[in-house]
Amino acid sequence: MNAFKFGPTTWTNKHHGTRTMLRISEVTVNNLDNNQSIKIPPGSPLSLAAVRSGMRLSFQCKQGVCSSCETLLNGTKVRTCVTKVPDVAKITIKKAPR
Ligand code: FES
């Protein structure tokens, strides 16, 4: 079973009638270190996006404790082992300075 639901999501409630929300099916991830772009579904592990885009990271704890996998996601430091790809059209990643 697919963990992600793509395409328009429609729901109805008695106050607002029927509403439709478009969901983003792919996020463009631009690796600023090597200028390589990939597409990946939102909610995927950021570590997967980083590795697929050619980033070399070291993972020690894989629990968000050691900070060995820190990356800049849209300019903000995050720990890739515990971060998901956000539900936006495009993100940039870059290896965090040590
Ligand atoms: S591997 Fe330790 S914080 Fe990510």
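Me: What is the average pLDDT of the chain?
Reply: The chain averages a pLDDT of 88, where pLDDT is the predictor's confidence in each residue, from 0 to 100. In this predicted model, local features need pLDDT of at least 70 and side-chain atom pairs count only at pLDDT 80 or more, while totals for chains, interfaces and linings use all residues. Residues are numbered from 1 along each chain as its sequence is written.

Me: In what order do the elements run?
Reply: From the N terminus on, the order is β-β-β-β-α-β-β-β.

Me: Which residues make up the largest nonpolar core?
Reply: That core has 9 residues: V27, V29, L46, A49, A50, M55, L73, V85 and I93. A nonpolar core is a set of buried Ala, Val, Leu, Ile, Met, Phe, Trp, Tyr and Cys residues joined through C-beta atoms within 7 Å. The largest share of this core, 3 residues, comes from α1.

Me: Is G75 buried or exposed, and why?
Reply: G75 counts as exposed because it has 9 C-beta neighbours inside 10 Å. A residue is buried with 20 or more other C-beta atoms within 10 Å of its own, exposed with 12 or fewer, and partly exposed in between; C-beta atoms are placed from the backbone.

Me: Where is G75?
Reply: G75 is in the loop between β5 (70–73) and β6 (76–79).

Methods:
Helix = DSSP H or I, 4+ residues; strand = E, 2+ residues; numbered from the N terminus.
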